[in-house]
Amino acid sequence: MTLNEKIEKEPVLRLAGLTKRFGGIIATDHLDFDVRAGEIHGLIGPNGAGKSTLVAQIQGNLRPDEGSIIFEGRDITVEAPHRRAKLGVARSFQITSVFMGFTMLANVMMAVQAQAGHSMWFWKNTSMDSSLIDPAMELLELVGLTRSAQALAQNVSYGERRQLELAMALAMKPKLLLLDEPMAGMGRQDGGRMISLLETLKGRYSILLVEHDMDAVFTLSDRISVLVAGRCIATGSPEKIKSDAGVRDAYLGHKST
Amino acid sequence: MTLSSVRQLVVPNWPVLLIFVLLALAPVWSMYGGSDFTIRLLTRALILALAAVGLNFVLGFGGLVSLMHASFFGVGAYTVAILAHHDFNGDTLFGLPGTSNLLVSGPAAVFLALVFAVATGALVLRTKGAYFIMMTLALNQMLFFFMIALQQYGGEDGMQIYLPLHLSGYEFGSDSAIYYTVLIVLAFFVFLLSRLVCSRFGNVIRASSENEERLTAIGISPFHYKLVAFTISGAVTAVAGVLWAISQEYVSPADLSWIRSADLVVIAVLGGLVRVWGPLVGALVFVLAEYFLSDITVYWQLVFGLGIIAVVVLFPGGMLSVWATIRKINWGRAHDA
Amino acid sequence: MKLTTSAAAIALLFAVTGATADTVKIGFISTMSGPLGGTGNEASDGFKLFLDQNDGKMGGAEVEMHWEDDQAKPDVSRQAADKLISEDVDIFTGIIFSNVLLSSIKPILDSGAFYISNNAAPSQIAGKLCDQNFFAVSHQNDQLYEGLGVYMQEMNFDNVYLMAPNYPAGKDMMAGFKRHFQGKIAGEVYTAFGQLDYSAEIAQVRAAAPSTVVFFYPGGMGINFVKQYQQSGLMGEIPVYTGSHGIDQSILPAVGDAAIGVNSGAIWSEFGDNEANRVFVEGFEKAYGRIPSPYAAMAYDTARVIDAALTEVGGSIEDRDAFRTALETMDFSSIRGNFKFNTNHMPIMDYYMTVVEKDAQGRLVNALKSKVASDLEDGYVSECKISG
Amino acid sequence: MTTGLFVEQSLNGLQLGVMLFLVTAGLTLVFGIMDFINLAHGSLFMFGAFLAATFVKITGIFWLALILAVLATGLIGFVMEFLVLRRFYHRSHLDQVLLTFGFILVFNDITRIIWGSIPLPMPLPEILSMPVQIMPGVMYPSFRIAILVLGLIVALCLFLIIERTRLGMWIRAGASDRQMTSALGVNVGLVFTLVFAAGAALAALAGIMSGPISAVQIGMGEPILILALVVTVIGGIGSVKGALIAAIMIGMVDTFGRVMFPPAISSILIYLLMVLILAFRPRGLFPANV
């Protein structure tokens, strides 16, 4: 392996021995795991496997008990969530979490503004600030929300709000995108749109995709990891995971047969 | 109804211009047919409006229900009064002479309010929701009891300002002069804060009231922004306190009681939180309703209370939403037809 | 608010028809609404009684009454004062609380109107900041306790324990007491204003074992204190004394039998033996169905002072100097007995001792025991320089 | 301070604390379970005292009046909840504050229209009118001992109900997760109405018991309300255990503070305590819904 290759293979995110306990329950159990640059890494597992807990630890809302989180070669285990966001860890929420009283455009503008890092500006009216509006409109176009840009987030459909989540995450020019069930609760049509949207992102972003929709995960992912009871029982290409006996027993068995 | 659903209400900004024009004409009207008292009454309403506009910056836009804004009001008023008191007595305070010059005591009042707001804000902003409400109430009570115990400045009796307050020699000769000063200061801060809420900083404040978790996830830690907003808000309310000292020539602990804080919240909510100038409507309604109702019956608080309940039940967005509601009805009709 | 009494209505009619020359405008600002509204209503009832008994006239002049509610808030009182000033009111009265009075008194006096106080008269206004147009019919604050000090000094009380709320009036009252009382003070305790529970302080009293307790607790605080003191079983062991208004009819029914045996000073008593007082007390009981409190009595006496001075000047207040001279020099017989205005326009008056007992009908009353001081002056008269 | 005096002051603090607990219990339950800030809780306290004073006058029997007034106030609470308040559980705290602030104004004036503005008499029940000796040389008012005992009984009953009964289970579940509770098929609306009525009855009980030792007057509920809110947040919103501990803490601090410090300090002591506790524990001592 050449040096160049080694650098290329140095993952965007690496978890080493990550452990999180809630009382007697172990939600994350000495987990070793990585996300490589430019890949979509699917994360699946039955309910209660500890997927959301893991995402929260990577984002910083939960502090792990043991182990470390390395982001682009830098230990961010104890970094505050807004600092991680600044470094390039972006997250979309499992339960939709946007600024409900803002318009769709204002939501994305907020994220663009946060990324730009100049928020102690007191005078300039942002509703005419093209340095916020233009990138925000571009992102809305990317996720297909141009038409509802002026609608309040609380008045649009659930699917559109999920798309908005994605646009906000992208606005942060993330180096790692944490997508926590982006298709949850979506209808067939919306779900299909989301899949093709994520496909266009493939290769441009490093993505950790947590999703229940197996079709989506297997279509989109470069690699897939299977989480059961806080442990990673298998990692590999979709084909490899499909044929893994252990995975079938622990997880796929219930669903696909 | 949450703040975010109130934000659905479509309220245009032009009525505030109309209100200001009418207010600017009030002294002319009072000269022909009205009475001087109208000006005094409106002055009181406008000062309370400014105090509530200051409060509304954190209440309506930051979602922070502060019950300590009377203490900022009091800091403003007492600073002016205490400096004037030492000027009258010809003695000193911490080795500094007193003054009745508002160009000195006014900035001093605002500076003290800024310091007080930063110190208390750093404490209260650690808490949320009902705990925040109670933290602010407690701090307000502490300052209130402190001023009551401070016999040197009148204790519960309060203190009269005996020397005329002036701007480096210019004295307010009439009630109208004070009125226009108050009106201009109010207009200035309404404009200033209107700019502020639309700025990047304002976006962060509004976003923090919507969803702090989301804000953190996109890389902004709201604490410092909220602290800056809380400080600005306190300072604006302190400016109202300074105007209060000018207009009343008397300050007392009653001016910073928690009841005054609650009044300011009522004024802001009654007017409407979605616009910077909402509290102006609230203050006019509050002061005029109190005045006319108390002329009609000793049980006016009963009527007033029922009025508050009615507004909360029927118009959750305050008086501003009366407008939006009417518009909605008209729109509905047009749509049906 | 029962805004327009018949008197005011009639007066208004006259005002409209242009008979302004013989109309006197009186502004009565008091605490009518809210939790503290009790005393203000007592005062306005007393004032109204006089008008009702005299066909709405004072000294031959028609009276145009302007009733205003101050809600016990200084800024609301100031607003009411501003309004009445703009309506050219001649005489102001009615305010109960010192801080409320202080917020409004400067603009009132600046307007050239008179303030004739039925209750509030803090030490500033009796001394350094006295004014030629400010008169107190009722008392200077300290006077409510000065007579008690005189009495206890004469009776050689010793080892006395003082208790009052920690606010200016509380300090004034105790200062008034100590001005004449030279005996030993066993302890002096100031409690938070508006305190509800006094058990801790009462336990301290028991531990200090004084001969007597002198307390000043107005309104609800008085009800709390006296009830709790009686329940602690100390009432029989360590007698309690209070100044005038200390255990009056505005709180006595609420305290109930617990108040029996409380000694109280008094600048006025419902049993005062003079014709004017009988007219007042009987008239009040008939009109309102209760025993008048000193707040009602002082407002009634204030109305009588205005009436007497207007009589002197022939019913016109246009000549302010003449009206002032009348107030200063007239021979006025108060419902309290001897009375005249001092050079600082505070009253010079007599002082009585009373004790709470049950009367023949089983009602609690402050039974009159003795007159303990005559021609009592306030302590600030030397500080006042009213320029003629 | 002698031992006797120390014991007496400790009893005073404890009794004040238990009294505060009686007022706070209902407030913190309503606050915790329905997420509703009820500023009119103080008005219910006042109604309890006024109604009891009236029933004492009519019947002459304190304990009968107590029961009648508790029931009547509970009924008032029931009606309030049923007609208006239940529509506000999902509204913001701000709207709730404003609504119940309006209720305070209305209730104060209604009280004045019915009973007039002069405070009402409320005598001690005959058997508790004399102080008793609790230690050599220490006499203590028997009625205050009754408050202490009653308050502790109420605390015990509340614990048993909340920890041991099905209703209590719903209440605990409701306090931590409302949606889950309704998913369990519990008639949440009914539970809420009952809890509110019970809270009103407890406020009334506190008002009645404070009647014989303090003034039964308009506005008597407001200072108590502020103290009850302080106790609520120190204890942790929704926690009955927290309310009991915080109430006794406040009672002790206030009582000894008044004896040991000048009034300028003692009057802000409890607020200082609250600010300090919340600065380090922003959700109170015993946060109920984690």
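**Charged pairs and their surroundings**

Modeller: Let's begin at B:E212, which comes out as partly exposed at 23% relative accessibility (buried is under 20% relative accessible area, exposed over 50%, partly exposed in between, with a 1.4 Å probe and protein chains only). Bear in mind that this is a predicted model, where local features need pLDDT of at least 70, side-chain atom pairs need 80 or more, and totals for chains, interfaces and linings use all residues. As for bookkeeping, residues count from 1 along each chain as its sequence is written, chains are lettered from A and ligands numbered from 1 in the order written, and side-chain values use heavy atoms, without hydrogens or water.

Who pairs with B:E212? The partner is B:K128, and the closest N and O atoms of this salt bridge are 3.9 Å apart (the rule asks for a side-chain nitrogen of Lys or Arg within 4 Å of a carboxyl oxygen of Asp or Glu). B:K128 sits in the loop between α5 (102-124) and α6 (129-149) of chain B, while B:E212 belongs to helix α9 (residues 212-217) of that chain, so the bridge ties together parts that lie 84 residues apart in sequence. Helices and strands here are DSSP runs numbered from the N terminus: H or I over at least four residues, or E over at least two.

Over all chains, the count by this rule is 49 salt bridges. Side chains of opposite charge can pair when their charged atoms come close.

C:D257 bridges to C:K358, with 3.2 Å between the closest N and O atoms. Since C:D257 is in the loop between α10 (252-255) and β11 (263-266) of chain C, and C:K358 is in strand β13 (residues 347-358) of chain C, the two tie together parts that are 101 residues apart in sequence. Both ends come out as partly exposed: C:D257 has a relative accessible area of 47%, and C:K358 is at 44% relative accessibility.

Another one in chain C joins C:R278 to C:D273, this time with closest N and O atoms 2.8 Å apart. Here C:D273 is exposed at 67% relative accessible area, whereas C:R278 is partly exposed at 35%. Besides such pairs there is a network: B:R44, B:D255, B:R260, B:E290 and C:D75 are joined into one by salt bridges that share partners.

Chain A and chain D have no contact joining them either, and their closest C-alpha atoms lie 13 Å apart.

Leaving aside residues up to four places away in sequence, C:N338 touches C:I348, C:M349, C:D350, C:K371 and C:D375. Take C:D350: it is 12 residues from C:N338 in sequence, with 6.3 Å between their C-alpha atoms.

For a contrast in accessibility, look at B:S233 in helix α10 (residues 222-248) of chain B. Its relative accessible area is 0%, which makes B:S233 buried. Around B:S233, not counting residues up to four places away in sequence, the contacts are B:G54, B:L55, B:F57, B:V58 and B:H69.

B:S168 has a positive phi of about 45° without being a glycine; B:S168 is in the loop between β4 (166-167) and β5 (170-171) of chain B and is partly exposed at 49% relative accessibility. C:N159, likewise not a glycine, has a positive phi of about 60°. You'll find C:N159 in the loop between α6 (143-154) and β7 (160-165) of chain C, partly exposed at 21%.

Technical notes
Contact means heavy atoms within 4.5 Å.
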